[in-house]
Amino acid sequence: MARRTVKAEVPSERPKPTLQGVSRALRVLELLARQPMRASEAAEALGMSWATLHRTLSQLEEDQFLERDSNGIFRIGRRTWLLGSTYLVGHRLLDLAIPLLTRASQDTPFAVFQLVERSEGIAVVLYSHEAQSGEIITRTTYGHHFPLHTGSKGHVLLAYAPQDFIDRYLAGDLVGLTPGSITEPDRLREVLTTVRQQGFARTVGDVQTFTGSVSAPVFDSTGEVVAAICAVVSRTHLDGGQHEAVVIDAVQRLGQALSLGIGWQPMRNLRPQI
């Protein structure tokens, strides 16, 4: 008698695989990109169990996306840096900005000029041109990042963000970098309104106590703000005198030039004041 083969029943819908592991790894990388820390600190910051996070950290370290020093502090590894650095290759704004910032630095030698973008709740420096005067004004170079409620660059990027994003951001923890940082939500809302009205932001002593900065927005072809141009100077240059006027003029000119370079048409993209 022939043996009868019975096939197992296959359910009509199989459970879909989840991407929890990928999501967890990306959250870990984003956290450590902002601040290197130990595994226990990362677990607390992410609200994960130590055992779960340990597996993720170990895999990322083995694959060289993270590295760990002798004190057990994890930081971004070479493979993550390789992936991230490719973002700047052929960047539409960076290619336009470098020669413009170089020229502006020659005309305003006491300023450090920067091109900055927003990534969620932080302002990320894409490019920084040192002051031609040789004075060390700031050690911030590309890759450095700051919370949006600090520095003129953060104020510009936050001021022109969608209103629901602004509300969520101001409802979070606003930690100051110096005693001069503004951390009161109501006062920040007033500052953001002023930024939109005058078209630039100015701060003094809120990122470093001895510096100040002026920033202006960069608009794309749809009228959205996609970046900010920032000039960081010694705070003595922001005293309401001639130097301050020169810095404000330089930053606004750079913002306009870059905006026009990527298709902004000011008469077509007039934005109502909020």
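Six strands build an open sheet, running β6-β5-β4-β9-β8-β7 with antiparallel pairing. Its edge strands are β6 (145-147) and β7 (201-204), each of which pairs on one side only. From one strand to the next, the twist averages 30 degrees. This is a predicted model.

Look now inside the sheet. Strand β4 (residues 112-119) pairs with β9 in the antiparallel sense, over five bridges. Here Gln-114 stands opposite Cys-230 in β9.

Step back to the whole chain. Its secondary structure comes to nine helices and nine strands. The chain has 274 residues, and 43% of them are buried. Take the contacts between residues at least 6 apart in sequence: 60% of these join residues at least 24 apart.

Next come the aromatic rings. The whole structure holds three aromatic pairs. One of them joins Tyr-160 and Phe-219, whose ring centres are 5.7 Å apart. Their planes stand at 85 degrees, so this pair is edge-to-face. Tyr-160 lies in the loop between α6 (151-159) and α7 (163-170), while Phe-219 belongs to strand β8 (residues 211-219). The pair therefore ties together parts that are 59 residues apart in sequence. Both Tyr-160 and Phe-219 are buried.

Phe-165 and Tyr-169 form a stacked aromatic pair, with 6.2 Å from centre to centre and 25 degrees between the planes. These two residues sit in helix α7, four residues apart, so about one helical turn separates them. Phe-165 has a relative accessible area of 9%, so Phe-165 is buried. Tyr-169 also counts as buried, at 14% relative accessibility. Ring pairs also link Trp-264 with Tyr-160 and Phe-219 in a cluster.

Charged side chains meet rings too. Arg-118 lies over the face of Phe-165, 4.3 Å from the ring centre. Over the ring of Phe-146 sits the charged end of Lys-153, at 4.7 Å from the centre.

Finish at His-237. Where is the place of His-237 in the chain? His-237 is in the loop between β9 (225-234) and α9 (242-261). Is His-237 buried or exposed? Its relative accessible area is 13%, so His-237 is buried; the cut-off for buried is under 20%. Leaving aside neighbours within four places in sequence, the contacts of His-237 are Phe-110, His-243 and Glu-244.

Conventions
Residues are numbered from 1 along each chain as its sequence is written. This is a predicted model: local features need pLDDT of at least 70, side-chain atom pairs count only at pLDDT 80 or more; totals for chains, interfaces and linings use all residues. Side-chain values use heavy atoms; hydrogens and water are left out. Buried means under 20% relative accessible area, exposed over 50%, partly exposed in between (1.4 Å probe, protein chains only). Contact means heavy atoms within 4.5 Å. Two strands pair if DSSP finds at least two bridges between them. Axes are lines fitted to C-alpha atoms, for helices over the stretch in contact, and angles run from 0 to 180 degrees between N-to-C directions. Rings of Phe, Tyr and Trp (its six-membered ring) pair if their centres lie within 6.5 Å; planes under 30 degrees apart count as stacked, over 60 as edge-to-face and the rest as tilted. A charge sits over a ring if NZ of Lys or CZ of Arg is within 6 Å of the ring centre and within 35 degrees of the ring normal.
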